[in-house]
Amino acid sequence: AGGIHEELTPPPPSLLRGGSMMQHGLGVVSRPVRAAARTLGSSAMGRGMASAAAVLPHGVLVAPSARILLAGNTSLAVETLAKAALGRMPNGHTVVTKADVLVALGLAPPEKTVPKPAVPAPTAPPPATPAATPSTGGAASSPAASSPSGPRASIRSKAHRSHEDIPTTQMRKIIAKRLLESKNQLPHQYMTVEVEMDNLIKARVEYNERSGNKVSVNDFIIKACASALEQVPEANAYWTPESLKFHPTIDVAFAAATPAGLVTPVVRGADKKTLAEIAKVTKDLAGRARENKLLPEEFQGGSLSVSNLGMFAITEFVAVLNPPQSAIFAIGSTVSKAVMGLDGVLGTKQSMMVTLSHDARVMDAALAKKLCTTLKALIQTPALIFMG
C-alpha cells in the first residue's frame with residue numbers, strides 16, 4: 001500500500017535487466033509484462049513516467065506495476081484508465097492498477113463487475129399477535145406471522161415475542177406500593193431460630209381430640225406470638241418520625257393468599273382469645289379474603305404478622321415487613337432430624353425454622369433476640385401459652 005503513494009520516479013535499471021520484480025515489492029508479473037519491461041530502455045522509461053506524471057489528474061494514483069506498462073505505452077491516457085478504475089478505493093481515490101493497463105492494451109479481458117444488490121427501505125415491524133387464552137387452546141401466533149424470512153428476521157422474531165397485558169387490580173397496586181415502601185424505607189434486620197415441635201404437635205392432637213375442635217398449627221403459632229408480645233411489650237410498637245408509638249392491644253395478622261394477591265387479615269385481641277376462638281376467626285377471615293370480601297379495617301393495622309409456608313414444604317424463608325408493623329415471623333415447615341440423646345441413643349425430633357424480620361428503628365438486636373427466644377420457649381412448651 002505504501003508503494004502507491006511514493007513519488008513517480010523511474011524504477012532501478014537492475015529491474016529492467018532481468019531483476020526479480022518480487023524482490024522489489026512489485027508482486028508477480030505476467031510474461032507479456034516481463035517481455036515489455038525487457039524491451040524498454042532506461043531513457044524511454046524516464047520519458048514515459050514523466051509523461052504519466054504530467055497528465056496525472058488530481059486524486060488519481062498509479063500502482064507501481066502499472067507505471068512500468070505506461071512507460072512503454074505513452075499513447076495510453078491516464079484519464080481514460082482513471083474512469084475505468086473510478087471509485088475503487090473507499091476513501092475517494094482513483095487507483096490505476098496493472099489490470100487496468102492490460103485491459104486497455106487488449107492483453108486481459110475486462111473485469112466483470114457485479115452490481116450491488118439494492119438495499120430495501122426499512123419497514124415497520126408487523127403488529128404483535130396477542131397470545132392465545134387457555135379457552136381457545138390456540139398458539140400464540142402462526143408460524144408465518146412470527147417467523148419472517150431471513151436470518152436477521154428470525155433473530156428479531158425471537159427477541160420480540162408476543163405477550164398478553166393483564167390490567168392490575170386496585171388491591172394489587174396497593175400491595176405493590178406497600179412492599180416497595182417497606183423495602184425502601186424500613187431498615188430490615190433478620191434473626192432465625194430453630195424450634196422443636198414435638199410437644200406442640202402432641203398438644204394439638206390432644207387438644208383437638210378433647211375439645212372436638214379443629215385447631216391448626218398456625219392457630220397455635222398465632223396464639224404463641226400474642227403471648228410473646230404480652231411478655232415482651234417493648235416489641236409491640238411501630239416507628240414514626242416524631243416518636244415510637246405503642247399499640248394498646250395485641251393484634252396478630254396472618255398472611256393469606258388470594259387470587260388478587262397476598263393479604264394479611266388481623267386477629268384483634270389475640271392475647272385474650274382462646275385457641276378455639278382464634279381458629280374460628282382465622283377460618284372466617286381466610287375464607288372471605290379468598291372471596292375478596294374483607295373490609296379495609298379487617299386487614300389494616302396489627303402489632304405483627306405471621307407468614308406460614310410450612311404447609312408448602314418451604315423449610316426456611318425471609319418475609320418482608322408489612323408497614324406500619326415492625327415485626328413479621330416467617331414460619332417454615334416441620335422436618336424430622338436425627339439427634340443424639342443424653343443417654344447416647346440416636347433418636348429423631350421434629351424441628352421448625354422461624355425467621356424474624358424486624359424494623360431496626362424499633363427493635364435492636366437485643367430486643368429482637370428476646371422476642372425470638374420467648375416465642376421459641378412458648379412453642380416448645382405449649383403449656384406456657386395458656387399461662388397469662
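Helix axes here are lines fitted to C-alpha atoms over the stretch in contact, and angles run from 0 to 180 degrees between N-to-C directions. Helices (H or I, at least four residues) and strands (E, at least two) are DSSP runs, numbered from the N terminus.

Now, the source. This is a predicted model, where local features need pLDDT of at least 70, side-chain atom pairs count only at pLDDT 80 or more, and totals for chains, interfaces and linings use all residues. Residues are numbered from 1 along each chain as its sequence is written, and side-chain values use heavy atoms, with hydrogens and water left out.

First, a helix pair. The axes of H11 (residues 217-231) and H13 (residues 365-380) come within 9 Å. They cross at roughly 130 degrees. Contact means heavy atoms within 4.5 Å. On the H11 side, Ala224, Cys225, Ser227, Ala228, Leu229 and Gln231 take part. They meet Leu371, Thr374, Leu375, Leu378 and Ile379 of H13.

Next, H12, residues 275-290. Which of its residues are buried, meaning under 20% relative accessible area (1.4 Å probe, protein chains only)? Leu275, Ile278, Ala279, Thr282, Leu285, Ala286, Gly287 and Ala289. Their cover includes H11 and helix H10 (198-211).

Now the loops. Most residues other than glycine have a negative phi, and most peptide bonds are trans. Asparagine 292 sits in the loop between H12 and E10, and its phi is positive, near 60 degrees. At 54% relative accessibility, asparagine 292 counts as exposed (over 50%). Alanine 313 lies between E10 and E11. Its phi is also positive, about 65 degrees. That loop holds proline 324 too. A cis peptide bond joins proline 323 and proline 324, with omega about 10 degrees.

Conventions:
Expected span 1.5 Å × (residues − 1).
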